[in-house]
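Trainee: I am new to this structure and would like a close look at one part of it. Could you walk me through the aromatic rings and how they pair up?

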Amino acid sequence: MSDAHLTERPVDEGPEPVDLTDEPIRLSRRDPALEPERRPVSRRRKIALAAALVAGLGGAAALGLGGWRVLAEKDTELNAPATVAGLTRDDSDRARSTADYLRDGFAADIELDHSFGTVYTDPADAKRSVLLFGGTTLLWQPERDLDSLFGLMADETGKVTGLRKVDAGGLGGVMKCGTTSGDGGDFAVCGWADHGSVAMGMFPGRSVDDSAALFRRLREGIQHR
């Protein structure tokens, strides 16, 4: 069977064939000449961006840690038990009058939600009574506020010398001790502050180191969260 009848048929005219040239085919109508030049990010810039990211993450972590610390310390209670750290609370009228005087003076310098003042006697030596006063409140900058109170205390007793940080113990915050003078001579004075409380103590007849150790023990028996 011959195929001549197929070749003799006229070919229908269709669309013009696509002319494939050497020019690249554009998938966009935008003119590359008008596009802004894209510069590769330098290694130095990458390092700077990475450092900024790390610093930002570090700042966020510090903020989170600080916020957690405020929440953990802000709800604090202070009470003065009858006996604590080997000392006995003095409930005599004279001791109460002294404690009230210290408490009122302290509360006048800082706004407190609750304040306390008490005198503890040492059964081994009546001349080494300890005077404590303080209160509870929300403190955003405990160390700054404690330093301010030491400064205000200088107006009453004299400048506190040799003020230094000491171990604050398991309750955290900041604790400092130094030396000041009174009618009976020089004596140690210590203070603690955290985000929920602030207190100070006077320790006649004791060294700064001994006072710091005793102050930590007193705090552990007085402060509760």
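Mentor: Let's begin with Phe203, which is buried at a relative accessible area of 0%; buried means under 20% relative accessible area, exposed over 50% and partly exposed in between, with a 1.4 Å probe and protein chains only. Phe215 is buried too, with 0% relative accessibility. This is a predicted model, where local features need pLDDT of at least 70 and side-chain atom pairs count only at pLDDT 80 or more, while totals for chains, interfaces and linings use all residues. Residues are numbered from 1 along each chain as its sequence is written, and side-chain values use heavy atoms, leaving out hydrogens and water.

The structure has three aromatic pairs. Rings of Phe, Tyr and Trp (its six-membered ring) pair if their centres lie within 6.5 Å; planes under 30 degrees apart are stacked, over 60 edge-to-face, and the rest tilted. Phe106 and Phe133 make an edge-to-face pair, 5.6 Å centre to centre with 70° between the planes. This pair links distant parts of the chain, 27 residues apart: Phe106 sits in helix H3 (residues 93-109) and Phe133 in strand S5 (residues 125-136). Helices (H or I, at least four residues) and strands (E, at least two) are DSSP runs, numbered from the N terminus. Phe106 is buried at 5% relative accessible area, and Phe133 is buried at 5% as well.

Now back to where we started. The ring centres of Phe203 and Phe215 lie 5.8 Å apart with the planes at 80°, so this pair is edge-to-face. Phe203 belongs to strand S9 (residues 197-203) and Phe215 to helix H5 (residues 208-222), so the pair ties together parts 12 residues apart in sequence.
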